[in-house]
Amino acid sequence: MAGRQAMLAQDAATDIICYGRVGGTHPEQNEEVLPFLDVYRSEKRVANPLRYVVFDSPFTSYENRSRLDDDGVFFLTIRRRGKQMIDRIAQLPKTAWKTIRVERSAHQKQTLRVHDESVFLRGYDQDIRQIIITGHGKTKPAVIITNDVEKPVAQIVQIDARRWLVEKAISEPIEFFHLNRVSSSMVIKVDFDLTMSLLADNLYRFMAHQLESFSRATALTLYEKVLANQAEVNIHQEGIKSSLKKKRHLPLLLETMNQYEDLKYHFLNNKKIAYLGASYT
């Protein structure tokens, strides 16, 4: 399945991967925005409409970006850089550049040089905001295009920085759940593998948000520090008792699971599950 593409989207507020689809071959990837928009046009999304989307340039073509405009969606993406564009950027005068500082991880700040302008894009058939960035540690300047003309340039650059966090989040299903090594070459099976991998990843995300101090933890960290444990399970008529072996973060897990002690599971004949700490390691 080396020639097939998977399109994933992450909700910025929750870090949950909220959309996944196995697409076609490389030439078809420019149409990915259309099924993505169809999901957010459905009745289920009326209460939570799509407002802002940040994506890589192959996600869609210039022509299809007008569909985002029609839906009232702000978009932000990088622009492909050809030789002519690189040469033009090199010829910009010093007065065309502005110095900004943007916040990075660990409350650090980075100084960047930016050039904010409006350019006409063929295919998009109208002017669009273009922001050129240098001083970010790359050999070539970064070029951002967006239909958001209201936000300050520093805020636009900060929003674009989230793209790297999304890529990091998407790399987790690849590394931990082996998403790039699916078990079948059949398209329908690949769809199933993608769905189950994203379901597992999102369950880990939900769990991370439940556990204090683990909200940004990776699936691997959660597995090693919390889930990788043994237990003695006793099934009784009134319920199920799971006695987990002693572990450093076991008290945190037990405290979190206490809120579900009255929950009945229909697939277990409506039994309750009690999570307890064993007296041994």
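This is a predicted model: local features need pLDDT of at least 70, side-chain atom pairs count only at pLDDT 80 or more; totals for chains, interfaces and linings use all residues.
Residues are numbered from 1 along each chain as its sequence is written, and side-chain values use heavy atoms, with hydrogens and water left out. Local features need pLDDT of at least 70 and side-chain atom pairs count only at pLDDT 80 or more, whereas totals for chains, interfaces and linings use all residues.

The largest nonpolar core contains 19 residues, of which Phe-36, Val-53, Leu-68, Phe-75 and Ile-128 touch the most other members. Such a core is a set of buried Ala, Val, Leu, Ile, Met, Phe, Trp, Tyr and Cys residues joined through side-chain atoms within 4.5 Å; buried denotes under 20% relative accessible area, exposed over 50%, and partly exposed in between (1.4 Å probe, protein chains only). At least two residues of this core come from each of β1 (6-10), α1 (33-41), β3 (52-55) and β6 (109-121), and α1 gives the most, with 4 residues. Helices (H or I, at least four residues) and strands (E, at least two) are DSSP runs, numbered from the N terminus. Another core, of 15 residues, lies apart from the largest one and includes Phe-177, Leu-211, Val-226 and Leu-253.

Neighbours within four places in sequence being left aside, Ile-128 is in contact (heavy atoms within 4.5 Å) with Phe-75, Glu-117, Ser-118, Val-119, Leu-121, Ile-145, Thr-146 and Asn-147.

In helix α2 (residues 62-70), the residues Asn-64, Arg-65 and Leu-68 are buried. These residues lie on the same side of α2 because they cover an arc of only 110 degrees around the axis, the arc being that of the directions from the helix axis to the C-beta atoms. Gly-72, which follows α2, has a positive phi near 70 degrees.

Leu-199, found in helix α5 (residues 187-210), is partly exposed, with a relative accessible area of 44%.

Asp-125 is not a glycine, yet has a positive phi of about 60 degrees. Asp-125 is placed in the loop between β6 and β7 (126-134) and is exposed, at 57% relative accessible area.
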